[in-house]
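User: I am learning to read a protein model and would like to go through it feature by feature. Please give me the general idea each time, then the case at hand.

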Amino acid sequence: MPEALKNVGFIPLSSKSALAARTTRESRPEIINDFTSVRHASVFEGVKLAAEGAETIQKIISAPILSGDRAVGVIQISRKGANPKIAGPDFTSDDLGKVVSLCGPLGKLLQRTLSD
């Protein structure tokens, strides 16, 4: 999600610059509130999702979706804008906890969907 990203491509798990790949490999959630200063794959960031054009990801939460001990996906929530202030407040550990609490049920749902 969003649907507009579906046809853009995929990120190889071996990627050293993609946060989603690192999250999958390490099965570790994280918050990055200064995302523009971190080396990252930006191919998806440039996709226009609205008429006003693409915005830069300033802040991001990334968490693995697990089925048992195996990562079956990644959920990422970002705050975009021209600069960090416009993008909104920093993500907190409470925000990360809320995202992580979704990952278990999502993992079970994905596993059930893949098994059917």
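User: Which residues make up the largest nonpolar core?

Analyst: In soluble globular proteins, nonpolar side chains tend to be buried together. A nonpolar core is a set of buried Ala, Val, Leu, Ile, Met, Phe, Trp, Tyr and Cys residues joined through side-chain atoms within 4.5 Å. Buried means under 20% relative accessible area, exposed over 50%, and partly exposed in between, with a 1.4 Å probe and protein chains only. Here the largest core has 8 residues: Ile61, Ala63, Ile65, Ile75, Phe91, Leu96, Val99 and Cys103. β2 and α3 are the elements that give two or more residues to this core. Apart from it lies another core of 5 residues, among them Leu19, Phe35, Ile57 and Ile60.

User: Where do these values come from?

Analyst: This is a predicted model, in which local features need pLDDT of at least 70 and side-chain atom pairs count only at pLDDT 80 or more, while totals for chains, interfaces and linings use all residues. Residues are numbered from 1 along each chain as its sequence is written, and side-chain values use heavy atoms, with hydrogens and water left out.

User: What does alanine 63 touch?

Analyst: Contact means heavy atoms within 4.5 Å. Leaving aside residues up to four places away in sequence, alanine 63 touches Thr23, Pro29, Gly73, Val74, Ile75, Val99, Val100 and Cys103.

User: Is threonine 23 buried or exposed?

Analyst: Threonine 23 counts as buried because its relative accessible area is 1%. Its place is in helix α1. Beyond four places in sequence, threonine 23 touches Arg28, Ser62, Ala63, Pro64 and Val74.

User: How do I read the strands, and what is their order in the sheet?

Analyst: Helices (H or I, at least four residues) and strands (E, at least two) are DSSP runs, numbered from the N terminus. Two strands pair if DSSP finds at least two bridges between them. In this model, 3 strands form an open sheet in the order β1-β2-β3, with antiparallel pairing. β1 (30-32) and β3 (70-81) are the edge strands, each pairing on one side only. Strand β2 (residues 56-67) is joined to β3 by 11 bridges, and proline 64 stands opposite valine 74 in β3.

User: Which helices lie across the sheet strands?

Analyst: For angles, axes are lines fitted to C-alpha atoms, for helices over the stretch in contact, and the angles run from 0 to 180 degrees between N-to-C directions. Helix α1 (residues 19-26) lies across β1, β2 and β3, at about 145 degrees to β3. Helix α3 (residues 93-115) also lies across β1, β2 and β3, at about 45 degrees to β2.
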